[in-house]
Amino acid sequence: MAYKKHKINITNNKWDDILQEEYKKEYFQQLISFIKREYKNKTIFPEFKDIFNALMITDYEDVKVLILGQDPYHGINQAHGLSFSVYNNQKRPPSLRNIFKELEADLGIKRNDNNLTDWALQGVLLLNSILTVEEGKPLSHKSTSWEVFTDNIIKALNDKSEPIIFVLWGNYAKSKKNLITNKQHIIIEGTHPSPLSANRGFLGSKPFSKINLYLERKGNNKVKW
């Protein structure tokens, strides 16, 4: 993170303009101080440089789909700042395995890459609501103000004049539905792809073809999943 004069630059793109007032708020300054201490004293994921990776890769003006996760994977060398995505040299986590299983059933696409950066580069914002986690301790950074920050990201997207498709899988993601009040946006909600719930509605839901159909109807390029 670089600081230039009175402007705080974190993403070095349009998000910095959108979130500038958030960066300067006391809660965010305290959050960053806390996170820096955590990285100094514990093993925290993703790498510090990748905390804001979702925003760095998918600029505000480019977002056409949001897939919302809860918090990063908590194993070594898995998380790199994009929800549901892991490095290619890592074992595929169960939720991602089910996402790819549904993708193949829905569109006939069989992915080899576990890294979803290619989706992010096409305007799919892969955002976790909580951006950091301690090794082996899922949700360890819940209630640290990350959710205040990312809720404001969702609100900023809600304010966009161009339609966005919000993908909310699972009860946690669906709890953010109240932030999406602009009726021009589209919400796809469903069961979480976790093995605990995937068979109760996620598998067979065809989210990827639905997303592309909506994008096509709005005159946008389909996502190459």
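The largest nonpolar core has 66 residues; such a core is a set of buried Ala, Val, Leu, Ile, Met, Phe, Trp, Tyr and Cys residues joined through side-chain atoms within 4.5 Å. Trp15, Phe28, Phe52, Trp119, Trp146, Phe149 and Leu157 have the most contacts inside this core. Buried here means under 20% relative accessible area, exposed over 50% and partly exposed in between, with a 1.4 Å probe and protein chains only.

This is a predicted model, in which local features need pLDDT of at least 70 and side-chain atom pairs count only at pLDDT 80 or more, while totals for chains, interfaces and linings use all residues. Residues are numbered from 1 along each chain as its sequence is written, and side-chain values use heavy atoms, with hydrogens and water left out.

Beyond its neighbours within four places in sequence, Trp146 is in contact (heavy atoms within 4.5 Å) with several residues, including Phe28, Phe52, Leu131 and His141.

I turn to strand 4, residues 65-69. Helices (H or I, at least four residues) and strands (E, at least two) are DSSP runs, numbered from the N terminus. Val65, Ile67 and Gly69 on one side of strand 4 are buried, as are Leu66 and Leu68 on the other. Strands pair if DSSP finds at least two bridges between them. Strand 4 runs parallel to strand 5 with five bridges, Ile67 having Leu126 as its partner. With strand 7 the pairing is also parallel, over four bridges, and there Leu66 is partnered by Phe166.

Finally, Asp159 lies in the loop between helix 6 and strand 7 and is exposed, at 60% relative accessible area.
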